[in-house]
Amino acid sequence: MLVAEKPTPNARAHPYRGLSVQHVDQVPEPAYMVDYLMGREVYRRTDYLALVHDGSVGLAAVARQESDELFQTVVDVEVWSGPDRTMLIEDPVVDVGNATALAGVAAGQGRPGISGFVVKGMFEHINFIWEPDPVRIRVAEVTPPEPPKLLRQAQQVVDFDEDLPPVELVLDSVKFPDLAATVPAGSYLLPCRGAGTELDGDMSYLDTRPATREEWVMIGCERSMQFHRHFYGDEPRQVDICPRKRVEKEASEDRWLVKCCMLERGMEFTGNRAIVPWGANLDEVRHALRLLTGVEAVAPVPG
């Protein structure tokens, strides 16, 4: 590493061992930081340093004269921020390896003019995040249940995947009762009982294959319609719940995580939308989020 990095939003030490924290005997103003660090030996994995004096902290990136030695000499220093633009935060529940966790604690304690947040978190490990700017991803769902499964799966992935940048998950849902209200009826056919939905009218469930075909309105998707045709030989009145179709109607540049029951396994990525199966597993959701955030590149289509 021969050129010190300049700051960019969401920058952090990844892994967090790339940050070295050193306590110094005076306030770490930029000029002092350069004098202190230039020519100094640092561990060969150190790319950033936070210099701390009492409650004051400064943040810098360094370039090392690379060699096979365990410690290497600093040959360039890029001061990112002095004490006026850097905040030291202590929160023992924060996983400092997780960018979303870092961005969350910064948002909760930041003040105007602060760009660098040095966080001492779980296990007294320390990391920083620079000008956190979470990637906003809208999760298209149908409720109940609340919270819906896909949103909870996405949150699980965000909580454990340390490669992801800060992520803001935003639920974009439609509710079964609101869908039913668009086609008032005395009887409704729902895909399954699992959601615990309550409607004004009799309710039957397609997955139980009711013995008698009623004059119901089916609240379901194309796969539900295929089942109904197989079971009863016809098509009932329908309210389509497909999140994929709903999102495709929106002229939105937002990033979307969407589920579709016509996709049985794997994941599809189109523009700003990642589509996973209705019963997606965590690997599929993780792959979708990594593509949406740019952590993984979209595989080229064979020519």
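## Helix H5

Helices here are DSSP runs of H or I with at least four residues, and strands are E runs of at least two, numbered from the N terminus. Glycine 233 follows H5 with a positive phi, near 75 degrees.

This is a predicted model: local features need pLDDT of at least 70, side-chain atom pairs count only at pLDDT 80 or more, and totals for chains, interfaces and linings use all residues. Residues are numbered from 1 along each chain as its sequence is written, and side-chain values use heavy atoms, without hydrogens and water.

## Largest pocket

H5 also gives the most to the lining of the largest pocket: three residues. Strand S9 (135-143) supplies at least two. The lining has 23 residues, and Pro191, Cys192, Ile241, Lys259 and Trp278 lie nearest the pocket centre. A pocket is an open set of points on a 1 Å grid over the protein atoms alone, where a 1.4 Å probe fits, with protein on both sides within 12 Å along at least five of seven lines; lining residues have an atom within 4 Å of a point.

## Isoleucine 241

Beyond its neighbours within four places in sequence, isoleucine 241 is in contact (heavy atoms within 4.5 Å) with Val142, Phe176, Leu179, Pro191, Ile219, Gly220, Cys221 and Trp278.
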